[in-house]
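Let's learn to read a protein model together, one feature at a time. Have a look at the structure below, then follow the conversation.

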Amino acid sequence: LNQKKNSVPNVFCAAMTSGLIYSIATMPLEASKNRMANQKPDPKTGKLPYTGTLQLMKAVSANEGFLALYNGFLPYYIRCGGHTVAMFIAVELLRDAYTSSVAM
């Protein structure tokens, strides 16, 4: 797109792409963590429905479909992508400031 290397728009696009890949890879684990944290014991047996992350992922995939692990993806991506953008741009601006101060 004729973007200058290490320019803010270039870094923004790279960060949003990185945030997207990060979100796609980690969302099932985040959803599993949240379900494990919010699970309630069975009133009759007193046992928790999920014993571990992989067991939870298998059970949810079988009962609700694999995409159920991606419920709430957009807010998660906005949070992760926003954080990634802020960090990448901050690092780039700090690098530019350092490079220009060393050159003097």
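Q: Which residues does Thr84 touch, leaving out those up to four places away in sequence?
A: Contact means heavy atoms within 4.5 Å. By that rule, Thr84 touches Ala15, Ser18 and Gly19, when residues up to four places away in sequence are not counted. This is a predicted model, where local features need pLDDT of at least 70, side-chain atom pairs count only at pLDDT 80 or more, and totals for chains, interfaces and linings use all residues. Residues are numbered from 1 along each chain as its sequence is written, and side-chain values use heavy atoms, with hydrogens and water left out.

Q: In which helix does Thr84 lie?
A: Helices (H or I, at least four residues) are DSSP runs, numbered from the N terminus. Thr84 lies in helix H3, residues 73-103.

Q: Is Thr84 buried or exposed?
A: Buried means under 20% relative accessible area, exposed means over 50%, and partly exposed is in between (1.4 Å probe, protein chains only). Thr84 counts as buried because its relative accessibility is 12%.

Q: How do I describe two packed helices?
A: Two packed helices are described by the angle between their axes and the distance between the axes. Axes are lines fitted to C-alpha atoms, for helices over the stretch in contact, and angles run from 0 to 180 degrees between N-to-C directions. Here, the axes of helix H1 (residues 8-38) and H3 come within 7 Å and cross at roughly 140°. That makes H1 oblique to H3. Angles under 35 degrees count as roughly parallel, over 145 as roughly antiparallel, 65 to 115 as roughly perpendicular and the rest as oblique.

Q: What kinds of residues make up the contact of H1 with H3?
A: Ala, Val, Leu, Ile, Met, Phe, Trp, Tyr, Cys and Pro count as nonpolar, Asp, Glu, Lys and Arg as charged, and the others, Gly among them, as polar. The contact of H1 with H3 has 16 nonpolar, six polar and three charged residues.

Q: At what angle do H1 and H2 pack?
A: H1 and helix H2 (residues 53-64) pack at about 100°, with their axes 10 Å apart. The two helices are therefore roughly perpendicular to each other. Pro28, Leu29, Ser32, Arg35 and Met36 in H1 meet Thr53, Leu56, Met57, Val60 and Glu64 in H2. By class, this contact has six nonpolar, two polar and two charged residues.

Q: Which residues form the largest nonpolar core?
A: In soluble globular proteins, nonpolar side chains tend to be buried together. A nonpolar core is a set of buried Ala, Val, Leu, Ile, Met, Phe, Trp, Tyr and Cys residues joined through side-chain atoms within 4.5 Å. The largest one here has seven residues: Tyr50, Leu56, Met57, Ala59, Val60, Ala68 and Leu69. Not counting residues up to four places away in sequence, Leu69 touches Met27, Pro28, Ala31, Ser32, Met57, Val60 and Ser61.
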